Amino acid sequence: MTTLFNKEDRILKQYRAIIETTEHEGHPLVHDLTALLSHYEELLSKFDRLTKVSDKQQISLHEMARVDGLTGLNNRKYLEDFLKFEWKRASDLDVPMAMIMVDIDYFKLYNDTYGHQAGDRCLKQVGEVLAQTVKRSSDFVARYGGEEFTIVLTDCRHHYAVDLAEKIQRAISTAEIRHAGSKVSEYVTLSMGIAVYQPGKGSSPSALLSAADEALYRAKESGRNRFHLGRID
Ligand SMILES: Nc1nc2c(ncn2[C@@H]2O[C@H](COP(=O)(O)OP(=O)(O)OP(=O)(O)O)[C@@H](O)[C@H]2O)c(=O)[nH]1
């Protein structure tokens, strides 16, 4: 399309030159060319507007592919892509990677108590708490699905991940989201599982996910409203 317009542009410049040459004034050809030019300019401006709309649509499609519609956090698909990419980078640089799997406690009872829409609002609030607490721009927060969230911490040793899990616990407690159905608190609480891997040692992103998930299971099993530190390389 650009090539076509470049070629057309050259022709149009010639047309303009003819129109602007006073010796051609009043010639019927000048009249036709003037009409043609104005029509062409109108088409160009329409094309320009269409291109802008389509660029915007492409950006929003791109965003939709990465963003969870409810919470505005990264979605699971994007998490998987991010993990693959960062795993390779961490492996090349020989630095550890951590994952925190976060799950809302007794969320079924939250829905049962307050209704599904309130449940959605709660998910959003928890998402905000996580996004605000995770400060390093290289760290990545995603909604993994349902009432489960994932945080990927690049170039991260386990004490940083533990420190962050403690901050998240404090932040969710400060948020005071009422949860009358919970069996561990009157407010919403979170259980978390932490795993830290050294990607260079032959494992895989899915092994990191499983280890964090396993640690989360331990946190749930041992009473909820806590984190469990799983495998650390
Ligand atoms: N409102 C709302 N609820 C959801 C959404 N996705 C999943 N859920 C609900 O989340 C609940 C998860 O329940 P469970 O897996 O039993 O877990 P839980 O009740 O949180 O119990 P524990 O994790 O063991 O503490 C289910 O009732 C789902 O219907 C969502 O997008 N919105």
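1. The shell around the ligand draws at least two residues from each of strand 1 (97–104), helix 4 (107–114) and helix 5 (116–133). Helices here are DSSP runs of H or I with at least four residues, strands are runs of E with at least two, and both are numbered from the N terminus. Please keep in mind that this is a predicted model, in which local features need pLDDT of at least 70 and side-chain atom pairs count only at pLDDT 80 or more, while totals for chains, interfaces and linings use all residues. Residues are numbered from 1 along each chain as its sequence is written.

2. Which residues come nearest to the ligand? Of the 17 around it, they are Asp105, Phe107, Lys108, Gly119 and Gly146; a residue counts as near if its C-beta atom, placed from the backbone, lies within 6 Å of the molecule. By class, the shell holds 6 nonpolar, 4 polar and 7 charged residues. Ala, Val, Leu, Ile, Met, Phe, Trp, Tyr, Cys and Pro count as nonpolar, Asp, Glu, Lys and Arg as charged, and the others, Gly among them, as polar.

3. Two of these elements also pack on each other: the axes of helix 4 and helix 5 come within 7 Å and cross at roughly 130 degrees, which makes the pair oblique. Axes are lines fitted to C-alpha atoms over the stretch in contact, with angles from 0 to 180 degrees between N-to-C directions; under 35 degrees is roughly parallel, over 145 roughly antiparallel, 65 to 115 roughly perpendicular and the rest oblique. Phe107, Tyr110, Asn111 and Tyr114 of helix 4 meet His116, Ala118, Gly119 and Cys122 of helix 5, where contact means C-beta atoms, placed from the backbone, within 7 Å. This contact has 5 nonpolar, 3 polar and no charged residues.

4. Helix 5 also packs with helix 6 (residues 158–175), at about 135 degrees and with the axes 10 Å apart, so helix 5 is oblique to helix 6 as well. Gln125, Val126, Val129, Leu130 and Thr133 of helix 5 face Lys167, Ile168, Ala171, Ile172 and Ala175 of helix 6 in this contact. Its make-up is 7 nonpolar, 2 polar and 1 charged residues.

5. Now the whole chain: the protein has 7 helices and 5 strands, in the order α-α-α-β-α-α-β-β-α-β-α-β from the N terminus on. Among contacts between residues at least 6 apart in sequence, 65% join residues at least 24 apart.

Notes. Contact = placed C-beta atoms within 7 Å.
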